[in-house]
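Visitor: I have a structure open and would like to talk it through. Could we begin with how far it can be trusted?

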Amino acid sequence: KNAFNEAPEVKTYGGENQVKIITKFLIDSKDGNSDNIAEEKLFEGLKPLLPANITFEKFINDYRKSSQKVGPTIADDIKMAAVWATIFALLGIFFYILVRFRNWRFGLGAVVSLTHDAFFVIGIFSLLYPFMPFSLEINQAFIAAILTVIGYSVNDTVIIFDRIREYMNMGKKGTVAQVYNEAMNSTLSRTFNTSMSTLVVLIAIFIFGGEVIRGFTFALLIGIAVGTYSSIFVATPIVYDTRKEKKIVEEVIPSNKEYKGSKKSLK
């Protein structure tokens with residue numbers, strides 16, 4: 001155990017003869033030789049598992065693949081970079097939706113849906129981190145995965161919103177709830193076909209792509225699955241529930257001509 005009274009964390013990384021070891025030993029030390037000391041301790045701990053007569057130099061050159069030190073300052077920088085990158089992405093998407101649909105409710109629905117997707121992926125990573133045989137670290141690759149999921153999910157959301165606006169402008173007969181439901185149903189086949197074809201590719205990458213990108217691919221698999229249902233069951237219901245006049249739910253949507261002259265009652 002180290003100075004924090006914690007045993008190092010050891011995970012199989014790749015083949016059975018390859019492991020990833022994480023330790024807090026000398027993590028706060030400002031000694032320039034702290035890395036060498038940590039590697040010597042690592043060598044001492046692994047020596048019984050190595051072939052006989054292995055020297056420290058041979059261990060470093062032939063058996064240690066790589067090593068890096070991530071201190072609290074660097075970890076905080078990565079965390080803040082992830083937070084700000086996500087916030088700016090969500091704000092940008094909100095204003096894009098606002099300009100495109102000229103209705104803040106669509107922007108709100110999209111942002112809430114995407115925030116849900118991001119937190120869902122983070123939660124799954126946190127829950128499964130101790131159990132998965134591959135790395136689930138919160139690093140730059142994870143940040144890239146979150147932003148990719150946000151971009152993918154908003155594409156599905158915009159397609160549904162476009163269909164809702166199209167049906168409303170056409171003067172579809174029925175209550176507002178019925179028109180929203182019909183618009184979502186008309187996009188289901190496209191949404192699921194796109195998501196399934198993407199998931200097939202990601203599963204292949206996850207299985208055959210190697211350990212380096214397995215955590216990144218795992219985040220995308222979760223995010224695309226979650227993003228598919230959130231566009232339907234989170235984004236659109238929020239747009240519907242934030243309508244000012246609920247009475248219109250029980251009324252019949254007028255024809256296109258009447259709709260254009262009665263915008264106030266349909267806000």
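Visitor: Where in the protein chain is confidence lowest, and where highest?
Guide: The lowest mean, 42, belongs to helix α8, residues 256-260. The highest, 90, is found in helix α4, residues 104-128.

Visitor: And what does the protein chain average?
Guide: The average pLDDT is 77, and 76% of the residues score at least 70.

Visitor: What about residues 1-5?
Guide: There the pLDDT is below 50, and the stretch has eight contacts in the model beyond near neighbours in sequence. Residues 246-267 also stay under 50. For that stretch the model has 38 contacts beyond four places in sequence.

Visitor: How should such contacts be read?
Guide: Where pLDDT is low, the predicted coordinates should not be read in detail.

Visitor: Changing topic: which elements make up the fold, and in what order?
Guide: The protein chain has eight helices and two strands. From the N terminus, the order is β-β-α-α-α-α-α-α-α-α.

Visitor: How much of the protein chain is buried?
Guide: Of its 267 residues, 36% count as buried. The accessible surface is about 16000 Å², and carbon and sulfur atoms account for 62% of that area.

Visitor: What share of the contacts joins residues at least 24 apart?
Guide: The share is 65%, counted among contacts between residues at least 6 apart in sequence.

Visitor: Let me pick a residue. Where does T157 lie?
Guide: T157 is in helix α5, which covers residues 140-170.

Visitor: Why does T157 count as buried?
Guide: Its relative accessible area is 1%, and the cut-off for buried is under 20%, so T157 qualifies.

Visitor: What is T157 in contact with, neighbours within four places aside?
Guide: Those contacts are A110, S113, S231 and A235.

Visitor: Now the surface. Which residues form a nonpolar patch there?
Guide: The patch consists of M80, V83, W84, I87, F88, L91 and F95. Together these residues have about 690 Å² of accessible area.

Visitor: Take F88. Is that residue buried or exposed?
Guide: F88 counts as exposed because its relative accessibility is 55%, where exposed means over 50%. Its place is in helix α3, residues 72-101.

Conventions. Residues numbered from 1 in each chain as written. Predicted model: local features only at pLDDT ≥ 70, side-chain atom pairs only at ≥ 80, totals over all residues. Heavy atoms only, no water. Helix = DSSP H or I, 4+ residues; strand = E, 2+ residues; numbered from the N terminus. Buried < 20%, exposed > 50% of the residue type's maximum accessible area, 1.4 Å probe, protein only. Contact = heavy atoms within 4.5 Å. Areas by Shrake-Rupley, 256 points an atom, 1.4 Å probe, with all protein chains shown as cover. pLDDT = per-residue confidence, 0-100. Patch = residues over 30% accessible without salt bridge, like charges linked within 9 Å, V, L, I, M, F, W, Y side chains within 5 Å. Salt bridge = Lys/Arg side-chain N within 4 Å of Asp/Glu carboxyl O.
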